[in-house]
Amino acid sequence: MAEIKADPFPFRLDRGAVALIVIDMQRDFTEEGGFGASLGNDVTCVAKIVPDVRRLIEGFRAAGLPVIHTMECHRPDLSDLPRAKRERGNPRLRIGDEGPMGRILIAGEAGTAILPELAPVDGETVIEKPGKGAFHATPLDDILKERRIAQLVFAGVTTEVCVQTTMREANDRGYECLLVEEATASYFPEFKAATLAMVRAQGAIVGWTAHLADVLRGIAHA
Ligand code: TIU
């Protein structure tokens with residue numbers, strides 16, 4: 001059992017029960033012409049975390065620990081896209097519309113793919129999810145239980161939307177959750193800061209936060 005320096009107190013890492021979950025590191029959220037930009041966001045600040053997410057993934061792989069990737073996406077026939085989600089807001093391009101990288105947020109399209117530098121390797125689980133949370137309408141919980149995973153280290157985008165939603169879903173299902181500060185980003189830096197603060201408040205009410213270097217040190221020595 002290794003300890004990772006974390007907030008609000010050290011995280012006791014169980015090497016046999018931990019997985020990294022990388023949330024939605026897709027071109028649709030990090031590149032011009034994708035879903036994130038269609039909502040009016042400046043995508044440059046989320047794209048900046050790619051090298052740190054890569055370091056985290058490589059640390060897990062080097063330690064022989066599981067890496068799980070998620071993708072927010074919908075079926076080409078939009079059968080898993082609630083009307084409320086398609087019609088929300090006033091984006092330039094809606095989910096399912098043809099954009100410069102293919103149809104927005106549709107499985108199999110170029111823009112929906114995970115960034116090549118963070119792409120899953122053989123044997124890594126990829127969860128395609130229609131919601132913001134990765135447990136909603138996916139087999140994630142069954143897969144984790146089958147592999148006896150009880151601790152989830154989180155990276156990805158965006159901190160207050162898909163990452164926080166998934167952390168809260170996981171926390172309610174009994175998983176211990178740790179969010180890596182340098183490996184997550186929001187289009188709104190103040191929302192990232194607020195999410196980090198609210199996750200670890202009240203004695204880790206949702207989970208822990210930790211710095212990348214401390215997580216890498218912890219998994220290397222576990
Ligand atoms: N818009 C936004 O901040 N996020 C999303 O729509 N999806 C994810 O966070 N992946």
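Student: Why does Ile 95 count as buried?

Tutor: Buried means under 20% relative accessible area, exposed over 50%, and partly exposed in between, with a 1.4 Å probe and protein chains only. Ile 95 has 3% relative accessibility, so Ile 95 counts as buried. This is a predicted model: local features need pLDDT of at least 70, side-chain atom pairs count only at pLDDT 80 or more, and totals for chains, interfaces and linings use all residues. Residues are numbered from 1 along each chain as its sequence is written, and side-chain values use heavy atoms, with hydrogens and water left out.

Student: Where is Ile 95, and what does Ile 95 touch?

Tutor: Ile 95 sits in the loop between α5 and β5 (98-99). Helices (H or I, at least four residues) and strands (E, at least two) are DSSP runs, numbered from the N terminus. Contact means heavy atoms within 4.5 Å. Not counting residues up to four places away in sequence, Ile 95 touches Phe 35, His 74, Leu 81, Lys 85, Arg 86, Ile 104, Leu 105 and Ile 106.

Student: What makes the phi of Leu 105 worth a remark?

Tutor: Most residues other than glycine have a negative phi. Leu 105 is not a glycine, yet its phi is positive, near 60°. Leu 105 lies in the loop between β6 (102-103) and β7. Its relative accessibility is 0%, so Leu 105 counts as buried.

Student: Leu 78 also has a positive phi. Why is Leu 78 called partly exposed?

Tutor: The phi of Leu 78 is about 60°. Leu 78 has a relative accessible area of 23%, so Leu 78 is partly exposed. Its place is in the loop between β4 (67-72) and α5.

Student: Which peptide bonds are cis?

Tutor: Most peptide bonds are trans. A cis bond joins Asp 7 and Pro 8, with omega about 5°. Pro 8 is in the loop between β1 (2-4) and β2. The bond from Val 157 to Thr 158 is also cis, with omega near -20°. Thr 158 is in the loop between β8 (151-157) and α7.

Student: How many aromatic pairs are there, and what makes Phe 11 and Trp 208 edge-to-face?

Tutor: The structure holds five aromatic pairs. Rings of Phe, Tyr and Trp (its six-membered ring) pair if their centres lie within 6.5 Å; planes under 30 degrees apart count as stacked, over 60 as edge-to-face and the rest as tilted. Phe 11 and Trp 208 are 4.9 Å apart centre to centre, with 85° between the planes: an edge-to-face pair. Phe 11 is in strand β2 (residues 11-13) and Trp 208 in strand β10 (residues 208-210), so the pair ties together parts 197 residues apart in sequence. Both Phe 11 and Trp 208 are buried.

Student: Why is the pair of Phe 135 and Tyr 175 called tilted?

Tutor: Their ring centres are 5.8 Å apart and their planes are at 35°, so the pair is tilted. Phe 135 lies in the loop between β7 (125-129) and α6 (140-146), and Tyr 175 in the loop between α7 (159-172) and β9 (176-185), so the pair ties together parts 40 residues apart in sequence. Phe 135 and Tyr 175 are buried.

Student: What makes a set of residues a nonpolar core?

Tutor: A nonpolar core is a set of buried Ala, Val, Leu, Ile, Met, Phe, Trp, Tyr and Cys residues joined through side-chain atoms within 4.5 Å. The largest nonpolar core has 48 residues; Leu 20, Met 25, Leu 56, Phe 60, Leu 178 and Val 215 touch the most other members. Helix α4 (residues 50-62) gives the most to this core, with five residues. Apart from it lies another core of 22 residues, including Ala 134, Leu 140, Leu 152 and Val 206.

Student: How do you know that Thr 195 is buried?

Tutor: Thr 195 has a relative accessible area of 1%, so Thr 195 is buried. Thr 195 lies in helix α8 (residues 189-204). Not counting residues up to four places away in sequence, Thr 195 touches Thr 159, Glu 160 and Gln 164.
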